[in-house]
Each structure stands twice: as C-alpha cells, then as structure tokens.
Amino acid sequence: MPDWEIYVIVQPDYSPLQTHFRDSNFYCVFDIGEESPAVPAGELSFPVRSIFKCNFPTRARRSLPFKQPTLRSSSSTASYRNSPSPELLRWTFLVYDSLATDNDVVLFVKGLNTRRGISRDPTEFTCIFGGAVRTAVTSSTQEVFRCKTPDILGKEPISVSIGIVGPTPAVVPSVAYYTPPRKISSPPKAKLCACTMVYNVAKFLREWVLYHSRIGVEKFILYDNGSDDDLATIVDELVEEGYDVKTHFWLWPKTQEAGFSHSAIFAKDSCSWMMYIDVDEFVYSPSWYNLTQPSKSLLPSILPKLEEDNNVAQISIPCYEFGPSNQKEHPATGVIQGYNCRRKMKNRHKSIVLLSGVNQSLLNAIHHFKLKTGYRVKKLNVLEMVVNHYKFQAWPEFKAKFRRRVSTYVVDWTKPSNLDSKDRTPGLGYSAVEPIGWQG
C-alpha cells in the first residue's frame, strides 16, 4: 500500500488466528529476518475478515519481487502464511472489494481504468469465480465493474477476480469474495440519509450529526477510510443517544468515488434519497434565517414530490467555502460558530441523489452521479439553499489533509503538479508547512 504499509488480510474463519487473537500481539516477520508490529486495522465485510497493518522494513524494499511476510502471534510459535512465501500483492493492481446484488455482482478494481473519463470496454474482461466459473462483464466505469451472477450453488464465500482477455490474458490479483445475497427483512426506508467518507473526524462528527438530524436527515452512513482516532467511541455514543449512525469500514486509499458507488448499492434498501456531503460541510437555506427552532421537515421539503415532479432524481446545491477566520486551533464553539469568514464566490456543488435513479454504471464525480435515462437534475440557487463548506480551517486541522487524498484522480498535494487545482488555496505549497498569513 502507499507509504510502505502492508495490510495482512486474514482468510474468513481462519481458526488458528482466532484462537490467539484476544490474548496476543502480532508481528509481520519478513524473509530478511526483520519484523514489525502488526496492528489491528479493522474488519472487511462480506465475508468478515480481520486486517492487520505493519510497516515494510527498509531493507526488505531493496529487492524485487517483494515477498509476503509471516504473521506471527506472540503467544504461539505458530505462524500463518503459505510456504514458500508468495509475492506481495500490489495496491496499484488489485480487486479490492465486491458486493452482490439481486441481479449481478459488483467488483471494485484498482489499475484497469486509470484516467478520468476514459474506461475500457467491458468486453475486454471476464469475471472469474473460484478460479473456474466465468461470467460476462456488463459495465466498466472508473473502478467499478459489474458482472453477471454466476450459476453457483451454496452459501459459502468464494474468491472472485477479473480476467483480462485477449492475446495476452491475465488475471488481476484479488482479496475479494463473492457471497450470494441473502434475503433479510429490512425496516422501512428512510426518506433522507447522509453518506460521507471519513478519516479521523471524531472531534467534528457530533456537531455534524446533531445539526443535520435536526433538519431532517434520518440515517448517517460513514465510510471509514482507516481512522485511528476516537471515531468508534463517538459513533457508539451517538447511537446510544438515539441517532441512526452506521460505519462501513473502507480502508482503501484514494477511492472516494468507488466508496460512493458502493453506497448507492449498499444503502438502496434502507434509504430513498442520499445526501453526499463531507463532515466539514453543513446545508443551510437563507429561508431558515428567522426560524426560532429547526424542524425535521426542512431538508425533506426540498425533495421532489413524485406526483408533481417524478423525473427529478438529483438535487444540486451550490457550495461556499469558509476560511480559517483567525482561528489557531479547533474552536471550542464548534465549526459553525467558530469559522465565519467565507469566500465571495461559490465553488462546486454537492448533491442529494435518489438512489433508485442512479445509472447502472454507478459513475460519479463525488459531487454528483450519472442518472438513468429519463431522470434529470434540479439545480438550486444560493437563495434557495447552500452548502457551507468549512474547508480551510485552523492550520493544525487543515494540515491533516496532507496525509491523504481520498478521491481517485485528485493530485497528491505533496507533488508539484496541477497548480490550478481547486483544492489548493493561495500560499499553499507541497508540504505540510503553514503558509504565511494562513490564519487571516
């Protein structure tokens, strides 16, 4: 993975590991004899698998091919790996996740469609289940590939990958599994949910959830991009207080588009409309200015009524960006009260999407989705509604964004390229060094 990290993904129901999991520390042991701590990093779903993260020792990086380490428990002499040590899988070429629907199987693949707006033809690929059963690929867009459901009996998870057809066929390495969809009873759909991808936002989450729940968001779905702060604790506290907040572990870096594509399938049975905004973004309407109390009907009131406007499947809301507002640290009064200086011009937009209206390709640009034929986008103006984006916060908060960019195609801020990127601001360089005059 990036930054010379190694993820060790444990096979489903691997009993030797589960025996020692609760009372042991784990280590990655490399062929050169060096080892590094293996830290629990989360769990993958469908099926459930534990993930450990360890650092790749400098000496082990010097010769190719890179070899997989042994995962060793401190409470046992046993180690868990194949023998001899196989080659490490590379993040740049990998089937990293999958999701089964009632009609097909969706794969998330790194390394096949690598340029924005340019996707290879589905006929160039085939889906491979269990190493033997093959089905056609029906859609190839961004990192999302849709496959016809295999004719396989049984309920156990089986490995799934994607093959490149042609004169020089190849199979993309995979850590994904196919599990047939299970029929489960679902509670009534929420009319409006909110989905976001998060990384170390524990200190901001409560304000964001409380604010939007007061104006009509019923359910919150967080795609956790590898947080190592108190996010789980804050989520548990919110749930205990009666807020509907769910976390889906999504460790993969620079995959925000893919994560949102996943959510459009994952949440379609529990949410009718999904609002895609970040935890530093707050929806507001000037028409609410004189209200003495918020109302849970405020946001739902802008959603189209089917009998009046049944072809609107996406609402586009303009954004305004706020600056550091002379703050040196996270304001004790919270984001909304602490940052009050914004740019004059609006920048970009965010969307509320009817999940049943999303195009089969699941194509999105974070801020909006491609819709099915016959549906349209309704654009709101700044007098109707805005998204207040508290983007350029106190420097210690903003600095954290240098660690990673979550979207697929946005340039890394640490590289001197794409000087005109809208994600930059005057004075911002290529390292996490506070620009002169940042606070103002």
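**A buried salt bridge and the cores around it**

Both E143 and K110 are buried, a word that here stands for under 20% relative accessible area, with exposed meaning over 50% and partly exposed the range in between (1.4 Å probe, protein chains only). The model is a predicted one, in which local features need pLDDT of at least 70 and side-chain atom pairs count only at pLDDT 80 or more, while totals for chains, interfaces and linings use all residues. Residues are numbered from 1 along each chain as its sequence is written, and side-chain values use heavy atoms, with hydrogens and water left out.

The side chains of E143 and K110 come together in a salt bridge, at 2.8 Å from N to O, where the term covers a side-chain nitrogen of Lys or Arg within 4 Å of a carboxyl oxygen of Asp or Glu. Because E143 sits in the loop between β10 (133-141) and β11 (144-148), whereas K110 belongs to strand β8 (residues 104-110), the pair ties together parts that are 33 residues apart in sequence.

Strand β11 is largely enclosed by the rest of the structure, because four of its five residues are buried. β8 and β11 run antiparallel and are joined by five bridges, and strands count as paired if DSSP finds at least two bridges between them. Within that pairing, D104 has K148 of β11 as its bridge partner. β10 and β11 are likewise antiparallel, with four bridges between them, and S140 stands opposite F145 in β11. These two strands, β10 and β11, form a hairpin with two residues between them, and Q142 in the turn has a positive phi of about 50 degrees.

In the protein as a whole there are six helices and 23 strands, taken as DSSP runs numbered from the N terminus (helices: H or I, at least four residues; strands: E, at least two). Of its 440 residues, 48% count as buried. Among contacts between residues at least 6 apart in sequence, 70% join residues at least 24 apart, a contact being heavy atoms within 4.5 Å.

The largest nonpolar core holds 43 residues, and those with the most contacts inside it are L205, W208, M275 and L299; such a core is a set of buried Ala, Val, Leu, Ile, Met, Phe, Trp, Tyr and Cys residues joined through side-chain atoms within 4.5 Å. Several elements each supply at least two residues of this core, including the helices α2 (202-214) and α3 (231-240) and the strands β15 (190-198), β18 (271-276) and β20 (312-321). Leaving aside residues up to four places away in sequence, M275 touches a set of residues that includes L192, H212, V283, L299 and I352. Apart from this core lies another, of 35 residues, among them I51, V175, F260 and I265.

The count of salt bridges comes to 13. One of them joins the side chains of R120 and E124 at 2.9 Å from N to O; R120 counts as partly exposed because its relative accessibility is 30%, and E124 does so at 29%. D269 forms a salt bridge with K268, their closest N and O atoms being 3.4 Å apart; here D269 is partly exposed at 45% relative accessibility, and K268 is partly exposed at 27%. Elsewhere, salt bridges that share partners join R206, E237 and E241 into one network.
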